[in-house]
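This report covers a helix crossing, a strand hairpin and the chain as a whole. Please look at the model first.

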Amino acid sequence: MHKNNQNMKQGDKLLKMPGKLDRGPIEFKSRIVESEGEVMAIATREVISVPPTMSIISAIETMTEYGFRRLPITDAGTKRLLGIVTARDSIDFLGGGDHFNLVRVKHNGNLLAAINESVREIMTQRVTTIPHTASIADVTEIIVTKKIGGLPIVDEEEVLTGIVTERDVMKALATEETDIMVEEIMSTGLRVTGPEAPIGTVTREMITHGFRRLPLVMDDVLYGIVSASDIMKYLGTGEVFKRLSTGDVAEVMALPVRSLTSGELITTVPDANINDAALKMLQRKVGALPVIEDGRLIGLVTEFDLVKAFSGK
């Protein structure tokens, strides 16, 4: 008994002996970890992100390769979120808005020089995020009220833990049956452009009016639909370089926008149920469906429209 008491005191002495590192007072309480919210059940967890030092062209190539519309920019060491670059940023850079100054002013219109600048030059730094503890209702509220297509998910230390998009939310909400028809929620009075319009004109239209896509109409007939992602792919696939001989961005932005559209046109009709429209979008991996009646374009229904309708916002 005496020996056991000695051992206990010796152990107690060792516990209190100063070490080489100052670890502070001994703390036996573990930190309470916040539990995950519903959002993580529908989000993409294994998120591809890139550092702010990556070149613009490499970032756009990454988005094109994986079919992303947005790419988080993170600190290489900590993975803390620093910004985000989107398909919209890429068309802004190509001639649609303020980012175009990087090409036009800093590099005197030389696209080949400008695309090797770091992606931090065109990324959005003030990013709307959502915590990993959020509910699907929280995500839906932000998407609908702020009209944001995707939200990076961060933990309490601003480390990127996932990303959730309109498509993810639409997929989750579309499991509920509804009797709402496409014509009740589609956008009408659409701004359209012609298939012969220069790519540069289309990018400016998109940025000026906040559109992600524009229907191409000629003689009241729908020719196709061009999206910000289509224009981004023009650069990301290297197609732009095949048409570039002088390096001047004006050379490639003067080409007709019809050269960016595919031959396949996926549409819907006004009396289609929105569950069917959502299923078609998910199966065909498109963000919008032109609504056709009697061979004419009468509206457009998007993932945003469907999220809003399914959520009852």
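## Helix crossing

The axes of helix H3 (residues 56-66) and helix H11 (residues 228-236) come within 9 Å and cross at roughly 120°. Axes are lines fitted to C-alpha atoms over the stretch in contact, with angles from 0 to 180 degrees between N-to-C directions. H3 and H11 are therefore oblique to each other (under 35 degrees is roughly parallel, over 145 roughly antiparallel, 65 to 115 roughly perpendicular, the rest oblique).

In H3, Ile57, Ile60, Glu61, Met63 and Thr64 meet Met232, Lys233, Leu235 and Gly236 of H11. Contact means heavy atoms within 4.5 Å.

## Basis of the model

The model is predicted: local features need pLDDT of at least 70, side-chain atom pairs count only at pLDDT 80 or more, and totals for chains, interfaces and linings use all residues. Residues are numbered from 1 along each chain as its sequence is written, and side-chain values use heavy atoms, leaving out hydrogens and water.

Strands E6 (residues 213-218) and E7 (residues 221-227) pair in the antiparallel sense over six bridges. Pairing requires at least two DSSP bridges. Met218 stands opposite Val221 in E7. Two residues separate the strands of this hairpin. In the turn, Asp219 has a positive phi of about 55°.

## Whole chain

The protein chain has 15 helices and nine strands. These are DSSP runs, numbered from the N terminus: helices are H or I with at least four residues, strands E with at least two.

Of its 313 residues, 46% count as buried (under 20% relative accessible area, 1.4 Å probe, protein chains only). Among contacts between residues at least 6 apart in sequence, 62% join residues at least 24 apart.

Notes:
Buried means under 20% relative accessible area, exposed over 50%, partly exposed in between (1.4 Å probe, protein chains only).
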